[in-house]
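Here are some friendly notes to read alongside the model. Please keep the sequence and the structure open as you go through the points.

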Amino acid sequence: MNSSMIGKIEKAQRYEHEPERIAIKNLQADFRGEHDSYHITLDNDHWNCQCSFFSSHGTCSHVMAAQRILAPMLSLESRSETPLTHV
């Protein structure tokens with residue numbers, strides 16, 4: 001392995017511990033829940049999930065989990081949990 005590649009690997013290892021360097025703007029993912037799998041998306045700070053709870057409440061456990069996992073890489077708006085409107 002050449003020295004320039006070794007330097008890049010070392011830099012990547014440092015960056016690995018600094019997730020705030022990454023800014024996720026758009027995301028598509030499949031979330032395997034307890035009862036089914038759901039497609040979640042983030043598009044310009046707006047989350048969506050295919051589950052029925054999200055459609056009636058504007059958030060769900062799938063989106064909240066993704067927000068918590070990805071928090072250092074999300075904007076303040078997309079990392080905040082949408083308050084439940086129908087509690």
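**Notes on the core, the sheet and the cysteines**

1. The largest nonpolar core has 14 residues, and W47, C49, F54 and V63 have the most contacts inside it. Such a core is a set of buried Ala, Val, Leu, Ile, Met, Phe, Trp, Tyr and Cys residues joined through side-chain atoms within 4.5 Å. Buried means under 20% relative accessible area, exposed over 50%, and partly exposed in between (1.4 Å probe, protein chains only). Two or more residues of this core come from each of β2, β3 and α3. Helices (H or I, at least four residues) and strands (E, at least two) are DSSP runs, numbered from the N terminus.

2. Before going further, a word on what you are looking at: this is a predicted model, in which local features need pLDDT of at least 70, side-chain atom pairs count only at pLDDT 80 or more, and totals for chains, interfaces and linings use all residues. Residues are numbered from 1 along each chain as its sequence is written, and side-chain values use heavy atoms, with hydrogens and water left out.

3. How confident is the predictor? The protein averages a pLDDT of 90, and 92% of the residues score at least 70; pLDDT is the predictor's confidence in each residue, from 0 to 100. Among the elements, β2 has the highest mean (97) and helix α4 (residues 76-79) the lowest (91).

4. Beyond its neighbours within four places in sequence, F54 is in contact (heavy atoms within 4.5 Å) with W47, N48, C49, T59, C60 and V63.

5. The sheet is open, with three antiparallel strands in the order β1-β2-β3; two strands pair if DSSP finds at least two bridges between them. β1 (26-32) and β3 (46-49) are at the edges with a single partner strand each, so one side of each has no neighbour in the sheet. Seven bridges join β1 to β2 (residues 37-43), and R32 has S37 in β2 as its bridge partner.

6. Helix α3 (residues 61-70) lies across β1, β2 and β3, at about 135° to β3. For such angles, axes are lines fitted to C-alpha atoms, for helices over the stretch in contact, and angles run from 0 to 180 degrees between N-to-C directions.
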